[in-house]
Amino acid sequence: MFLKDHMSWITVVWSMSASACLTMALIHVAVWVRDRRAREHVAYSIMSVAAVGIAICELALMRAETVSQAAAAIRWIHVPIFVLVIAVVAFVRLYLGTGRLWLGLAAIALRFVSLILNFLVE
C-alpha cells in the first residue's frame with residue numbers, strides 16, 4: 001500500500017530520461033532556428049520527441065494492471081516508433097548525406113504497413 005501511493009524509482013528514472021530527450025529536442029530546435037538550412041537538427045528533435053513517446057508508452061505498459069491496458073500500451077507504442085523510423089531515415093540522409101533513398105523509403109513503408117496492421121488486428 002505504501003509503495004503504491006508514492007512514486008517509484010522506475011517512474012523517476014523514466015521521467016528523467018524523457019526530460020533529457022526533451023532538453024535535447026529543444027537544443028536542436030534552437031540550433032535550427034538560428035540556421036534554417038540545418039534541417040538535420042529538426043530530424044534529431046523529432047527523434048528525441050519520439051523517444052519521449054516511447055518512454056511514456058513503456059511506462060504505461062509497466063503500470064498496466066490489466067491485459068487490456070497492456071495491449072493498449074503495446075498498440076500505441078507503434079506510433080512513436082513509426083515517427084522515430086521516419087526521423088532516423090531523414091537524419092541519416094540529411095546529416096550523413098549517405099544511404100540509398102529507396103532503402104529508407106522502403107523501411108518507412110514497411111513500418112507504415114506494420115503500423116496499419118497493428119491497429120487493424122485485435
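Residues are classed as partly exposed when their relative accessible area lies between the buried limit of under 20% and the exposed limit of over 50%. In this predicted model, C21 has a relative accessible area of 23%, so C21 is partly exposed. C57 has 13% relative accessibility and therefore counts as buried.

A disulfide requires sulfur atoms within 2.5 Å. The sulfur of C57 lies 14 Å from the closest cysteine sulfur, that of C21, which is too far for a bond. The disulfide count is zero.

Helix α3 (residues 40–63) packs with helix α4 (residues 67–96) at an angle of about 165 degrees. Their axes are 8 Å apart. The angle therefore makes α3 roughly antiparallel to α4. The crossing of α3 and α4 is left-handed. The contact comprises 24 nonpolar, two polar and three charged residues.

Four aromatic pairs were found across the whole structure. One of them joins W76 and F119, with ring centres 4.9 Å apart. Their planes stand at 65 degrees, so the pair is edge-to-face. W76 sits in helix α4 and F119 in helix α5 (residues 101–120), 43 residues apart, and the pair thus links distant parts of the chain. F119 is partly exposed, at 30% relative accessible area.

Y95 is exposed, with 52% relative accessibility. Ring pairs also bring in Y44, which forms a cluster with F91 and Y95.

Conventions: Residues numbered from 1 in each chain as written. Predicted model: local features only at pLDDT ≥ 70, side-chain atom pairs only at ≥ 80, totals over all residues. Heavy atoms only, no water. Axes fitted to C-alpha atoms, helices over the stretch in contact; angles between N-to-C directions. Helix = DSSP H or I, 4+ residues; strand = E, 2+ residues; numbered from the N terminus. Parallel < 35°, antiparallel > 145°, perpendicular 65-115°, else oblique. Left-handed = near helix turned anticlockwise from the far one by under 90°. Nonpolar A, V, L, I, M, F, W, Y, C, P; charged D, E, K, R; others polar. Buried < 20%, exposed > 50% of the residue type's maximum accessible area, 1.4 Å probe, protein only. Phe/Tyr/Trp six-rings, centres within 6.5 Å; stacked < 30°, edge-to-face > 60°.
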